[in-house]
Amino acid sequence: MMVKQIELGKTGLQVPDIAMGVMRIADKSAAEADAVVQTSLDHGINFFDTADIYAAGKSSTTLGESLQRLNVTREDIFLQSKGGIILEKGQISGDGLKGPRYDFSKEHLIAAAEIELQRLKTDYLDVFLLHRPDTLMDPEQVADAFRELKAAGKVRHFGVSNMNPWQVELVQSALDEPLVANQLQFGVMHTGMVDSEFHVNMSDERSIDHDGGILAYSRLKKMTVQAWSPFQYGFFEGPFIDNPKFAALNDKLAELAGKYGVSKNAIAVAFITYHPAKMQVVLGSMTPSRLSEMMVADKVTLTNQEWYDIYFAAGNDLP
């Protein structure tokens, strides 16, 4: 079964509601990398997400080489990358600047996008995201970079990651076109965006809005939320599937997996795709068998009650 399609932002483009993130692909052999890419394509997942800092660029290089070996037609896939973070000296252009830091200057963003084109062995990126917020950002420099990249045919659409509504608005204020996506962490065990929407006008811990209402904002602006690390709890603290720390949650996922004839992994993905925000889930597993389990999530149509049952089993509550 092929995955469902959603609109990417307000572009009119139809993309799969599951994307393949390749942050961890760099240490895979050619055969292993090809297996990951081919598994994605076999399930109708033709949207690949990377970033210039993943394995210091090797993740993008590995993906580009795999796409070439598999003779994938460029127009049949979507390639998305991110830029704006420097992790080490001379990472992008040999400029001798010390890292780590953010750099949203026009020169750096253009250089970041161009080196990604080389690594991915392509003439253009479908989407280029600003990788996390930078308080020193000058929106006009970002806009100049975006305009130059688009005019040269090197990037078709732009977005952000991990930004709150006012940060998005600041970037958007200088742009000629709408940002299409915001990549944000969300999953069964990382539900802050949802928690604060329930606990309005309250003083408990879940009422604290760390994100400025980013979920409702994204829906109003029709920006696609790309949910990263959907199987992690906390901030890269580890997976929750089959984790004894989350017995009640795994019991509920197993119950629903049995009902729908899929794995717990698929139910965890379905929890995200069921939300009416029409999020795009960014998977990161490098195990083809596990990916295949995750990628059939669209076979599942949860009920509202089942969604809430998962939410409660994860340790959440409602007012």
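**Exercise 1.** Work out whether phenylalanine 231 is buried or exposed in this predicted model, then sort out how its ring sits against that of phenylalanine 240.

*Solution.* 
- Step 1: start with accessibility. Phenylalanine 231 has a relative accessibility of 13%, and the cut-off for buried is under 20%, so phenylalanine 231 counts as buried.
- Step 2: do likewise for the partner. Phenylalanine 240 comes out at 0%, so buried too.
- Step 3: now the rings. The centres of phenylalanine 231 and phenylalanine 240 are 6.2 Å apart, with 25° between the planes. Planes under 30 degrees apart count as stacked, so that's what we call this pair.

**Exercise 2.** Classify the pair made by phenylalanine 198 and tyrosine 308, and say which helices it links.

*Solution.* 
- Step 1: context. The model has ten aromatic pairs. In this one, the ring centres are 6.0 Å apart and the planes make 45°, which is a tilted arrangement.
- Step 2: place the residues. Phenylalanine 198 belongs to helix H6 (residues 192-198) and tyrosine 308 to helix H11 (residues 304-313), so the contact ties together parts 110 residues apart in sequence.
- Step 3: Phenylalanine 198 is partly exposed at 25% relative accessible area, and tyrosine 308 is partly exposed at 29%.
- Step 4: zoom out. Both residues belong to one aromatic cluster, whose members include Phe186, Phe271, Trp307 and Tyr311.

**Exercise 3.** Find which arginines lie over the ring of tyrosine 124.

*Solution.* 
- Step 1: arginine 74 lies over the ring face, 3.9 Å from the centre.
- Step 2: arginine 156 has its charged end over that ring as well, 3.8 Å from the centre.

Notes. Residues numbered from 1 in each chain as written. Predicted model: local features only at pLDDT ≥ 70, side-chain atom pairs only at ≥ 80, totals over all residues. Heavy atoms only, no water. Phe/Tyr/Trp six-rings, centres within 6.5 Å; stacked < 30°, edge-to-face > 60°. Helix = DSSP H or I, 4+ residues; strand = E, 2+ residues; numbered from the N terminus. Buried < 20%, exposed > 50% of the residue type's maximum accessible area, 1.4 Å probe, protein only. Lys NZ or Arg CZ within 6 Å of the ring centre and 35° of its normal.
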